[in-house]
Amino acid sequence: MTTAQPRTDLDVQPTPLALLLLGREADPASERGVDCPGDLPSPSDPDLVARARAAKEKLGDKVFVLGHHYQRDEVIQFADVTGDSFKLARDAAARPEAEYIVFCGVHFMAESADILTSDEQKVVLPDLAAGCSMADMATAEQVAECWDVLSEAGVADQVVPVAYMNSSADIKAFTGKHGGTICTSSNARRALEWAFEQGQDPATTKILFLPDQHLGRNTAVRDLGMSLEDCVVYNPHKPNGGLTAEQLRDARMILWRGHCSVHGRFSLESVEDVRARVPGVNVLVHPECKHEVVAAADLVGSTEYIIKTLEAAPRGSKWAIGTELNLVRRLANRFAEEDKEIVFLDRTVCFCSTMNRIDLPHLVWTLESLAEGTLVNRIEVDKETEDFAKLALERMLALP
Ligand code: SF4
């Protein structure tokens with residue numbers, strides 16, 4: 001990976017874009033910064049595993065390492081707990097003795113951990129360039145502009161925002177400020193039901209769903225029985241979101257035009273192809289996939305649901321999984337001895353490139369820096385943003 005290469009003098013003067021990709025500059029227009037201070041160990045250093053182990057041992061209970069399901073195996077081996085982003089943030093809050101929370105995941109996840117942990121705990125992201133393309137698709141400025149559009153159309157007071165966990169702290173705070181809630185892929189149905197009950201008249205209440213259009217659409221149509229026509233897509237790159245006031249008035253779900261660049265890659269052809277290749281296969285996909293993929297699948301659910309389903313699957317069963325490749329590969333290895341055949345839904349490689357930025361050199365650099373008493377790559381959400389984001393998260397925790 002680019003940021004894991006030894007720092008050498010470049011032959012050519014790097015462009016600002018090249019600097020961004022190299023993790024040496026900041027991107028103020030994005031939810032993530034990409035400065036990466038300090039010298040990284042070489043990825044070819046044969047002692048990386050021993051160095052990570054030694055630094056972690058030196059830190060003892062002062063450090064708690066969180067590993068998202070989509071992380072590489074070389075990183076997951078050092079995680080104290082694994083899980084999805086919300087579970088990990090709660091796990092960190094339950095370990096108040098840990099001064100340092102090293103989040104092996106992406107930027108919005110580290111922000112959520114900072115929001116949910118105490119002020120004494122410091123959340124660290126080993127590579128600041130580990131953003132999330134989906135979270136980056138909804139900026140605070142764009143969402144504020146969208147609210148103005150909804151106000152001008154005369155519908156803002158009927159709209160309840162629901163933000164997916166995979167959003168920046170700014171978007172979570174916007175949601176909290178405007179009476180909305182956060183959801184995960186496990187509780188999206190309950191979040192939408194709750195949101196529709198918040199309006200004065202549930203029949204005219206609308207939801208602004210941020211930032212993943214697919215999770216919003218799939219939940220509305222599959223779980224709440226709405227039609228595709230009840231949903232409109234707000235495109236932040238078009239004047240008025242590309243929608244007329246009449247379309248906004250008629251809609252029940254206003255879906256932000258965002259998507260996951262990993263799950264968005266699966267197609268109807270992927271499903272048809274795997275059914276032809278693997279007779280008797282069960283297709284199990286994440287609800288961040290496109291609606292036609294979800295409609296063609298046998299089962300749909302969050303990463304935790306996918307893991308539980310495979311744990312309970314009978315011996316000899318065959319599964320095609322539509323989610324991030326690191327997790328699918330790990331599950332395939334784990335269940336091979338139980339004679340469960342697990343294949344990746346798509347023929348092409350589909351890692352989350354930003355998740356993969358957290359590699360062993362970055363983890364070693366982070367742990368050794370902390371062990372030497374140098375706090376690096378801290379993710380800290382400002383107080384006002386934190387308070388409103390927490391309000392939205394608390395509404396989620398109180399969902400029936
Ligand atoms: S898998 Fe998708 S939603 Fe998750 S971090 Fe990567 S780009 Fe973001």
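Predicted model: local features only at pLDDT ≥ 70, side-chain atom pairs only at ≥ 80, totals over all residues.

Q: Why is Cys260 called buried?
A: Cys260 has 24 C-beta neighbours inside 10 Å, so it counts as buried under the cut-off of 20 or more. Its place is the loop between strand 9 (253-256) and helix 12 (268-277). Apart from residues up to four places away in sequence, Cys260 touches Met134, Asp212 and Glu288.

Q: How do you know that Cys132, Cys260 and Cys352 gather at one spot?
A: An unreviewed UniProt entry annotates Cys132, Cys260 and Cys352 as "binding site". They span 221 residues in sequence, but no two of their C-alpha atoms are more than 9.2 Å apart, so they gather at one spot.

Q: Which residues are closest to the ligand?
A: Cys132, Met134, Cys260, Val262 and Cys352 are the closest of the 13 residues that surround the ligand. By class, this shell holds 8 nonpolar, 4 polar and 1 charged residues.

Q: Which other positions does UniProt list under "binding site"?
A: The unreviewed entry also gives a list that includes His68, Ser85, Tyr164, Asn166 and Glu288.

Q: Is His68 buried or exposed, and what makes it so?
A: His68 has 26 other C-beta atoms within 10 Å, so it is buried. This histidine belongs to strand 1 (residues 63-68). Beyond residues up to four places away in sequence, its contacts include Ser85, Cys104 and Met355.

Q: What about Tyr164, buried or exposed?
A: Buried, because 29 other C-beta atoms lie within 10 Å of Tyr164. The tyrosine sits in strand 5 (residues 159-164). Setting aside neighbours within four places in sequence, Tyr164 is in contact with Cys183, Leu210, Pro211, Asp212 and Leu215.

Q: Why is Glu99 called partly exposed?
A: A residue is exposed at 12 or fewer neighbours and buried at 20 or more. Glu99 has 16 C-beta neighbours inside 10 Å, so it counts as partly exposed. It lies in the loop between helix 4 (85-93) and strand 3 (100-104). Glu99 and Asp61 are 38 residues apart in sequence and 8.2 Å apart in space, C-alpha to C-alpha. Leaving out residues up to four places away in sequence, Glu99 touches Lys62, Glu120, Gln121 and Lys122.

Q: How do you know that strand 10 and strand 12 pair?
A: Pairing needs at least two bridges, and strand 10 (residues 282-285) and strand 12 (residues 318-322) have 4, in the parallel sense. Within this pair, Leu284 stands opposite Ile321.

Q: What makes strand 10 and strand 11 a pair?
A: Strand 10 and strand 11 (residues 299-300) share 2 bridges in the parallel sense, which meets the requirement of at least two. Here Val285 stands opposite Val300. Together with helix 13 (residues 291-296), strand 10 and strand 11 make a right-handed β-α-β unit.

Methods:
Residues numbered from 1 in each chain as written. Near = placed C-beta within 6 Å. Nonpolar A, V, L, I, M, F, W, Y, C, P; charged D, E, K, R; others polar. Contact = placed C-beta atoms within 7 Å. UniProt positions renumbered as here; feature names shortened; annotations may be inferred. Right-handed = clockwise from strand over helix to strand, strands pointing away.
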